[in-house]
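I opened the notebook today to look up charged pairs, strand pairing and nonpolar cores. Here is what I looked up, entry by entry.

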Amino acid sequence: MSDQFRTNLTRTALGAAGVAALGIGYASGIERNAFTLREVTMPVLEPGSSSLRVLHLSDLHMMPNQRLKQNWLRELESLDPDLVVNTGDNLSHQRSVPAVVQALGDLLARPGLFVFGSNDYFAPKPKNPLSYIFDKKKRITGDPLPWGDLRAAFTERGWLDVTHVRRELEVSGIKIATAGVDDPHLKRDRYDTIAGPPNPLAQLKLGLTHSPEPRVLDRFAEDGYDLVLAGHTHGGQLCLPFYGALVTNCELDRSRVKGPSKWGAHTQLHVSAGIGTSPWAPVRFCCRPEATLLTLVPSTGREPEHSSERGSAQSVAPVLRN
C-alpha cells in the first residue's frame, strides 16, 4: 500500500467521521428542539357541520428540565383550539408530572381527550438502536412512572380519559362520539370493551390510540369511525431525504408514519410525529418535533390538505393566522 493511498484513505475516513459528527450535532442540538406547528385540514365531519379546530399533541417525553419544550407548549394555548387530544407518552422521568401539567397550562381548561402510551406507564431505558429494525417485537420497559398522578391531574381539570370507554360530548356545537384503547405497543389494548358502531347521530366519530397498530385501526374502521388519532412513531425520528422514515416502531407501513392518510373506505387516520424523544435517543433528523392543528370540516370526498409548517429553531412560538 503506497503512502499516497494511505494518506487518501485517512483523509476519507476523517472526512466521513467529521460529517457524521456534524450530523449528530445537528440532530441532537438543533433539530430536536426545532419545534414546529403543522396545520392540516381534514374533511371528516357530517355534511352541514361547522368546522372544528383540534390540537393534536403526542409524545411529549417530558423531562423536568426541558424548559424550551415547556415554554413552546405553553404558547399553543394562543391557537384557540376547540378541542385538545393527547395520544400519550407524556413522561420520561419520575418527576415529570408537574412539568407536563405546567407546560400544558390553560390548554387543560379546554375540552380535552386522552389515552396513555408506554412511556406514561414505564420510564424509557437505553436500547440497541438496531433493535428497532431487527428485533421490533422485543419490549424493554423501565421503572414504573406516576401515570396515576398524571391521569388525576388531567381529569381534575376536565379532560376525559377515553381508555376502553365510549363517551359522547358536544364541542362548539359539534356532537362527538369517541372511544379509545390502551397502548397497543404494550399489548394493553382491549378493543372488545368499546366494540360496536358509535352513535350514528354524532357529527364526528373519533377513535384514539397511542400506537397506530393496524389490528386496532381495522377495528375502528369496521365500526365506522370517521377519524383515528395516534402518535408513537415519532414520524420515524431519523429520516433520510427522498426516502423518509427508516422505521415506524410498529406494524404501520412507512408511508403513514406521520400526517394524514386514509384507512379503509371511510376512515381517516392522523399520526402525530410527536414533540419529544427518549432521553436515551435525543436526536431527530429530517423529522422536526411537532404539534398539529387539525381543522375538521364537512366531508366532501376530498383528501386531507396539508399546510406549511410553522416555527423554527430560532423562533419556536407558533405564528397565528391573520
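**Entry 1: a charged pair across the chain.** I started with Glu290, which forms a salt bridge with Arg38; the closest N and O atoms are 2.8 Å apart. The two partners come from distant parts of the chain, since Glu290 sits in strand β14 (residues 290-298) and Arg38 in strand β1 (residues 36-45), 252 residues apart. A reminder to myself that this is a predicted model.

Is this pair buried or exposed? I looked up both ends. Glu290 is buried, with a relative accessible area of 1%, and Arg38 is buried too, at 11%. Both values fall under the 20% cut-off for buried, so I file both ends of this pair as buried.

Entry 2: Next I asked how β1 and β14 are arranged. They run parallel, and nine bridges join them. One pairing I noted is Glu39 with Leu293 in β14. On β2, I found five bridges to β14, and here the strands run antiparallel. His56 stands opposite Thr292 in β14.

Entry 3: How many salt bridges does the structure hold? I get nine.

I then looked at Glu46, which pairs with Lys205 in a salt bridge whose closest N and O atoms are 3.4 Å apart. Glu46 lies in the loop between β1 and β2 (52-57), while Lys205 is in strand β8 (residues 204-208), so this pair ties together parts that are 159 residues apart in sequence. The ends have their own labels: Glu46 is partly exposed, with a relative accessible area of 30%, whereas Lys205 is buried at 7%.

Asp189 and Arg215 form another salt bridge, with the closest N and O atoms 2.8 Å apart. Asp189 belongs to the loop between β7 (174-180) and β8, and Arg215 to helix α7 (residues 214-223), so the pair ties together parts 26 residues apart in sequence. I read Asp189 as buried, with a relative accessible area of 13%, and Arg215 as partly exposed, at 38%. I also noted a network: Glu77, Asp80 and Arg110 are joined by salt bridges that share partners.

**Entry 4: the nonpolar cores.** Which residues touch the most other members of the largest nonpolar core? They are Leu57, Leu76 and Phe154, out of 33 residues in that core. The elements giving two or more residues to this core are β2, α2 (67-75), α3 (97-104), α6 (147-156) and β14. The largest share comes from α3, with six residues.

Setting aside neighbours within four places in sequence, Phe154 is in contact with Asn86, Asn90, Val100, Leu104, Leu108, Phe114, Phe116 and Trp159. Another core, of 22 residues, lies apart from the largest one, and its members include Val162, Leu169, Ile174 and Leu229.

Terms used
Residues numbered from 1 in each chain as written. Predicted model: local features only at pLDDT ≥ 70, side-chain atom pairs only at ≥ 80, totals over all residues. Heavy atoms only, no water. Salt bridge = Lys/Arg side-chain N within 4 Å of Asp/Glu carboxyl O. Helix = DSSP H or I, 4+ residues; strand = E, 2+ residues; numbered from the N terminus. Buried < 20%, exposed > 50% of the residue type's maximum accessible area, 1.4 Å probe, protein only. Core = buried A, V, L, I, M, F, W, Y, C linked by side-chain atoms within 4.5 Å. Contact = heavy atoms within 4.5 Å. Pairing = 2+ DSSP bridges.
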